[in-house]
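My entries follow the order in which I checked things.

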Amino acid sequence: MSNQLSDLLKIWFKSKDDTQWVLGTVYKTQGSAYRKAGSYMLINGQGQQYGLLSGGCLEADIVFNSRKVMQYENTVMLVYDSTDQDDIAFQFGLGCGGKVYIMLQLITTKNDLGLCNIFKLLQERQTGIYYQKIGANNSYVETDSSVLIQSSKIKLIDNEQWLVTSIIPEPHLLVIGGGADAIPVVNIAKQLGWIVTLVDPRVAYARKEKFPIVDFVLRKIDEKLILHAKKLRIEAVIIMSHSVNIDSEALSKIQSLDLKYVGLLGPIHRFGEVLKKAGLPKASIKTTVSSPAGFDIGGQLPESIALSILSECHGFLYGKEKIISYKDQK
């Protein structure tokens with residue numbers, strides 16, 4: 001299971017009426033912190049936790065405090081200061097050097113803190129804005145959200161503090177080409193909590209037994225694929241069939257999609273061959289194609305190549321189109 005909010009809510013939704021639940025939220029940080037405002041964790045009556053609000057240092061204490069929430073039915077506010085030698089965060093060895101402010105809210109049948117609405121939004125691949133009143137058990141979701149905020153922030157509404165967070169579905173990746181080197185691409189993407197669609201028209205490729213955790217397997221690069229991509233909001237495509245014919249067909253077909261990232265496996269000269277076969281002038285490409293796909297991290301194994309491509313893809317999806325190294329910062 002990943003730490004994506006949709007995965008946490010799937011677990012909660014299945015047993016939300018079987019036991020008590022608490023929602024833990026990082027609502028503010030000062031200085032360095034492993035998780036930022038808008039990070040979530042769910043804790044149930046059996047002491048099971050889903051998600052992380054730190055690097056693993058504070059979770060035991062957070063679970064302990066969640067029992068108070070369940071017992072007294074009051075919201076609990078926690079502050080962990082890793083700069084204070086008397087603070088529990090310092091004693092636990094939290095080495096980030098900052099403060100983390102956490103709110104623990106009780107989830108009940110009558111007041112689910114808007115989590116059912118969030119779960120529905122994410123299942124339908126829609127976006128929204130989540131409002132949580134600081135220090136209280138008041139939360140709600142706005143589904144009509146034309147403008148999403150980049151990061152969670154505290155907003156003053158009627159002289160009361162509310163944490164405002166964008167609800168955005170996890171990335172959906174389209175992998176075109178189901179050869180053996182696509183296996184680590186799919187596996188790493190799924191470990192990140194992404195949705196993955198795999199497409200390959202060749203019968204011997206993209207076999208379900210070799211890709212047991214992939215979400216969707218399609219066999220044609222056609223309008224059905226495009227409708228699938230639009231409905232489920234595919235944001236990134238990795239083309240890696242090793243066939244110029246298939247790659248050119250795929251590159252031509254995805255031009256109707258609104259994508260944040262397109263990666264094409266192979267050397268630079270092969271990109272020209274694919275463009276020529278597709279009949280696409282380079283200037284007509286809707287989304288900039290990264291070819292050869294991925295960062296140069298020095299590896300040659302399929303796993304290393306998968307890591308390099310997905311690192312680049314991850315950067316584009318989360319607005320970090322260039323990775324700045326330690327040397328660059330000097």
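This is a predicted model: local features need pLDDT of at least 70, side-chain atom pairs count only at pLDDT 80 or more; totals for chains, interfaces and linings use all residues.

**Entry: overall figures.** I noted 9 helices and 15 strands in the protein. The C-alpha trace spans about 65 × 50 × 40 Å along its principal axes. Of the 330 residues, 49% count as buried. I also looked up sequence separation: among contacts between residues at least 6 apart in sequence, 61% join residues at least 24 apart.

**Entry: β10.** I went through the pairing of this strand. β10 and β11 are parallel and share 5 bridges. Next I checked which way the side chains go. H172, L174 and I176 point one way from β10, L173 and V175 point the other way, and all are buried. I wrote down that β10 is largely enclosed by the rest of the structure, because 5 of its 5 residues are buried.

**Entry: β11.** I followed the chain from β10 through helix α5 (residues 182–191) to β11 and recorded a right-handed β-α-β crossover. β11 runs parallel to β12, with 3 bridges joining them, and L198 stands opposite V217 of β12. I195, T197 and V199 point one way from β11, V196 and L198 the other, and all are buried. As 5 of the 5 residues of β11 are buried, I put this strand down as largely enclosed too.

**Entry: helix α6.** Which residues of α6 are buried? I found L225, I226, H228 and A229 buried in this helix, which covers residues 223–231. Why do they lie on the same side of α6? Their directions cover an arc of only 160 degrees around the axis, which puts them on the same side. On the other side, I found K224, L227 and K231 exposed. I then asked what covers the buried residues, and the list includes β10, β11, β12 and α7 (244–253). At the start of α6, a side-chain oxygen of D222 comes to within 3.2 Å of the backbone nitrogen of K224. Just after the helix, I noted a positive phi of about 55 degrees at R233.

**Entry: nonpolar cores.** I looked up the largest nonpolar core and counted 25 residues in it; I176, V237, I239, L251 and I254 have the most contacts inside it. The elements giving two or more residues to this core are β10, α6, β13 (236–239), α7, β14 (261–264) and α8 (268–278). Another core, of 23 residues, lies apart from it, with V186, A189, W194 and M240 among them.

Key
Residues are numbered from 1 along each chain as its sequence is written. Side-chain values use heavy atoms; hydrogens and water are left out. Buried means under 20% relative accessible area, exposed over 50%, partly exposed in between (1.4 Å probe, protein chains only). Helices (H or I, at least four residues) and strands (E, at least two) are DSSP runs, numbered from the N terminus. The arc is that of the directions from the helix axis to the C-beta atoms. Contact means heavy atoms within 4.5 Å. A polar contact is a pair of N or O atoms within 3.5 Å; within protein, one must be able to donate a hydrogen and the other to accept it, and residues adjacent in sequence count only if both atoms are side-chain atoms. A nonpolar core is a set of buried Ala, Val, Leu, Ile, Met, Phe, Trp, Tyr and Cys residues joined through side-chain atoms within 4.5 Å. Two strands pair if DSSP finds at least two bridges between them. A crossover is right-handed if, with the strands pointing away from the viewer, the path from the first strand over the helix to the second runs clockwise.
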